[in-house]
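Please look over the sequence and the model shown here before reading the notes that follow. They are arranged by topic, from the whole chain down to single residues.

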Amino acid sequence: MDCENLAQVRDYCDRRGYSTDYYILVDFSKPSGKKRFFIYDLQRGKRVMSSYCMHGSGKGNTAAQPKFSNNPGSGCTSLGRYVMIGKGGMKFKNCVRLRGLDKSNYLAEARGILIHSAGKVTRFSGEKEYIPLGTESRGCFTVSRSCVEKVMQIYKESSKRRPILIYAKYK
């Protein structure tokens, strides 16, 4: 499946039992100072929202060069396919919990990987090439407040019937 071809994504989701309403693509190939978290409406075949997104700040990561890992305690983001499995977490009230579906991210749920917001991302306006790394993301998909609100809305609307697919890629 070409993760950027929405017709292929919709067919893949339909065959695999995922939601054919919405899909999220996170392209970590793009610098964090560019929008790289994309929400798509698969029924209409179009993007409905995009957001800046921080990657994990774990070992070896820099703002310019993300490192990826599935290891507990790594503080790194993991690549691959995910589904949304619930709202709210211990640290964040407004967030969506994730389950990894691939060898590259199967520990995501145990690691507490979320989609959540941070003020740094909400306030960021694209004035720099990269969002400075901090402790806001220890492997989570850290986006703007309005993006989390949209993610929570589509989770509420669509996930009761079928889980919403998220795909995180790098190059």
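What pattern does the protein chain follow when read along the sequence? The protein chain follows the pattern α-β-β-β-β-β-α-β-α-β-α-β, where helices (H or I, at least four residues) and strands (E, at least two) are DSSP runs, numbered from the N terminus. The radius of gyration of this chain is 15 Å, close to the 16 Å that the globule rule gives for 171 residues, so the chain is as compact as a globular protein of that length; the radius is taken over C-alpha atoms, and the rule is 2.2 Å times the number of residues to the power 0.38.

This is a predicted model, in which local features need pLDDT of at least 70 and side-chain atom pairs count only at pLDDT 80 or more, while totals for chains, interfaces and linings use all residues. Residues are numbered from 1 along each chain as its sequence is written, and side-chain values use heavy atoms, with hydrogens and water left out.

**Whole chain**

- The secondary structure of the protein chain comes to four helices and eight strands, and the C-alpha trace spans about 40 × 35 × 30 Å along its principal axes.
- Of the 171 residues, 51% count as buried, a term that means under 20% relative accessible area, with exposed over 50% and partly exposed in between (1.4 Å probe, protein chains only).
- Taking contacts (heavy atoms within 4.5 Å) between residues at least 6 apart in sequence, 59% join residues at least 24 apart.
- The accessible surface comes to about 8400 Å², of which 46% belongs to carbon and sulfur atoms; such areas come from the Shrake-Rupley method with a 1.4 Å probe, and for residues only the protein chains shown count as cover.

**Strand 4 and its partners**

- Strand 4 (residues 80–87) is largely enclosed by the rest of the structure, because six of its eight residues are buried.
- Four bridges join strand 4 to strand 8 (residues 165–169) in an antiparallel arrangement, two strands being paired if DSSP finds at least two bridges between them; within this pairing, Val83 stands opposite Leu165.
- Strand 4 also runs antiparallel to strand 5 (residues 95–100), to which five bridges join it, and there the bridge partner of Gly86 is Arg97.

**Strand 6 and its partners**

- Strand 5 pairs with strand 6 in the antiparallel sense over three bridges, and Arg97, which is the bridge partner of Gly86, has Leu114 as its bridge partner in strand 6.
- Strand 6 (residues 114–117) has Leu114 and His116 pointing one way and Ile115 and Ser117 the other way, and all are buried.
- Three bridges join strand 6 to strand 7 (residues 141–143), the two running parallel, with Ser117 standing opposite Val143 in strand 7.

**Individual residues**

- Ser50 is in strand 3 (residues 46–51) and counts as partly exposed, at 22% relative accessibility.
- Leaving aside neighbours within four places in sequence, Ser50 is in contact with Lys35, Phe37 and Phe38, whereas the C-alpha atoms of Ser50 and Asn70, 20 residues apart along the chain, are separated by 25 Å.
- Lys171 lies in the segment after strand 8 and is exposed, with a relative accessible area of 74%; although Lys171 is not a glycine, its phi is positive, at about 55 degrees.
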